[in-house]
Amino acid sequence: MLIITITILLFLVFQQCNAMLHPIDFLALQAIHKSLKDLPGSNFFGSWDFTSDPCNFPGVYCANDKVITLNLGDPRAGSPGLTGRLDPSIGKLSSLAEFTVVPGRIFGSLPETLSQLKNLRFLGVSRNFISGRIPAGLGMIRKLQTLDLGYNQLSGNIPWVVGTIPTLSNVILNHNRLSGSVPVFLSQKLTRFDLKHNQLSGYLLPRSLPSSLEYLSLSWNQLTGQVDHLLSRLNRLNYLDLSSNRFTGSIPGNLFRFPLTNLQLQRNQFTGPVYPMGQVRIPIVDLSFNRFSGQISPLFSSVQVLYMNNNRFTGQVPGIMVDRLLSANIRVLYLQHNFLTGIAINPAAEIPVRCSLCLQYNCMVLPVQTPCPLKAGKQKSRPTAQCGGW
């Protein structure tokens with residue numbers, strides 16, 4: 001009772017001197033402060049003195065008499081951050097538009113009261129130890145643009161209602177323990193979608209993600225099924241990583257015409273031939289550890305770093321690829337562990353020092369000896385029984 005009385009007296013003194021911050025926001029900031037503390041080496045809360053104007057506190061920004069931005073923790077690189085729990089009083093900051101917490105050791109669950117922040121546009125609480133489920137109430141924040149909860153210990157499903165928020169532009173939930181399927185996301189403003197390193201499973205529907213996407217990473221999950229119809233729509237992508245899942249089926253040829261700078265499809269169960277629709281201008285392409293078959297298209301000759309190893313490709317290595325490798329335009333060309341039958345290269349040819357070529361364990365006698373990764377093994381060629389008597 002005494003503590004409450006002192007708090008009220010301090011607030012009244014502050015109000016008489018400053019007449020600025022709304023009392024509800026004042027008390028909410030006090031509660032938030034009490035539930036957190038600086039880790040050793042951090043002094044973020046050192047100047048949070050509630051006998052002065054909280055709108056002048058580090059990380060607190062106000063408009064009129066309300067808190068509109070709350071950035072908790074020292075944002076400088078290498079700062080130790082904060083520890084403690086996020087107090088439910090955060091939901092009392094009714095005008096809050098931005099809420100972030102620097103990397104640290106914040107633990108416990110996300111307050112359900114976050115759903116009360118109807119004006120929130122940016123929610124960033126990444127690289128902490130937040131656990132529990134993502135509150136379904138976040139779907140009630142209809143102005144939310146960025147949801148960044150990456151690098152925590154969140155579990156359970158991604159609430160389907162979050163996918164209905166019409167203003168979302170960034171969804172970053174990577175490096176958690178999320179499970180279940182990926183819900184449909186409807187926002188036509190969504191550009192970044194990062195769910196890598198979770199435990200998500202199930203299929204992706206052909207229209208589960210909007211065509212506005214520019215960055216898509218779903219790697220290191222347990223997702224299955226075909227994605228050709230979905231991918232063929234996402235023609236604004238500049239980064240795509242579906243690696244280390246269980247996706248099946250073919251890859252649409254138009255994918256290679258998208259403005260991609262990095263394409264990661266390795267370690268899935270993709271099948272069939274790969275026929276790009278036009279010259280591939282993507283600097284980095286990784287198709288390794290799948291079940292692709294057929295001949296290697298010469299349209300890949302403009303790729304700078306190309307991994308096609310551990311598939312079922314057959315036939316000759318296109319001559320234009322050899323030319324571009326020898327002229328150092330292709331820096332990495334990994335073709336090991338396929339069923340290729342030949343490559344037109346002079347045994348005396350010198351591979352540029354900064355370039356790498358690996359051909360071992362194919363259906364050919366290697367015309368040149370080049371260093372390969374240790375994982376490629378020691379066998380130079382496939383047994384003839386696997387190659388139809390080449």
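Okay, before anything else, one term: a cavity is a set of grid points where a 1.4 Å probe fits but cannot get out, and its lining residues have an atom within 4 Å of a point. Keep that in mind, and remember too that what you see here is a predicted model.

So, cavities. Searching the whole structure turns up one of 30 Å³ or more. The space inside the largest cavity is about 40 Å³. Who lines it? In this stretch of the chain you'll find Leu359, Gln360, Leu366, Val368, Gln369, Thr370, Cys372 and Lys380 around the largest cavity. Sort that lining by class and you get four nonpolar residues, three polar and one charged.

Now let's zoom out to the protein chain. It has four helices and 27 strands. Along its principal axes, the C-alpha trace spans about 90 × 40 × 30 Å. Of those 390 residues, 53% count as buried.

You'll find it in strand E13, which covers residues 192–194. Is aspartate 194 buried or exposed? Its relative accessible area is 2%, and buried means under 20%, so aspartate 194 is buried. And what is aspartate 194 in contact with, leaving aside its neighbours within four places in sequence? The partners are Val171, Ile172, Leu173, Asn174, Tyr215 and Ser217.

Definitions and conventions: Residues are numbered from 1 along each chain as its sequence is written. This is a predicted model: local features need pLDDT of at least 70, side-chain atom pairs count only at pLDDT 80 or more; totals for chains, interfaces and linings use all residues. Side-chain values use heavy atoms; hydrogens and water are left out. Helices (H or I, at least four residues) and strands (E, at least two) are DSSP runs, numbered from the N terminus. Buried means under 20% relative accessible area, exposed over 50%, partly exposed in between (1.4 Å probe, protein chains only). Contact means heavy atoms within 4.5 Å. On a 1 Å grid over the protein atoms alone, a cavity is a set of points where a 1.4 Å probe fits but cannot get out, and a pocket is an open set with protein on both sides within 12 Å along at least five of seven lines; lining residues have an atom within 4 Å of a point. Grid points are joined across faces, edges and corners, and a volume is the space filled by probe spheres set on the points. Ala, Val, Leu, Ile, Met, Phe, Trp, Tyr, Cys and Pro count as nonpolar, Asp, Glu, Lys and Arg as charged, and the others, Gly among them, as polar.
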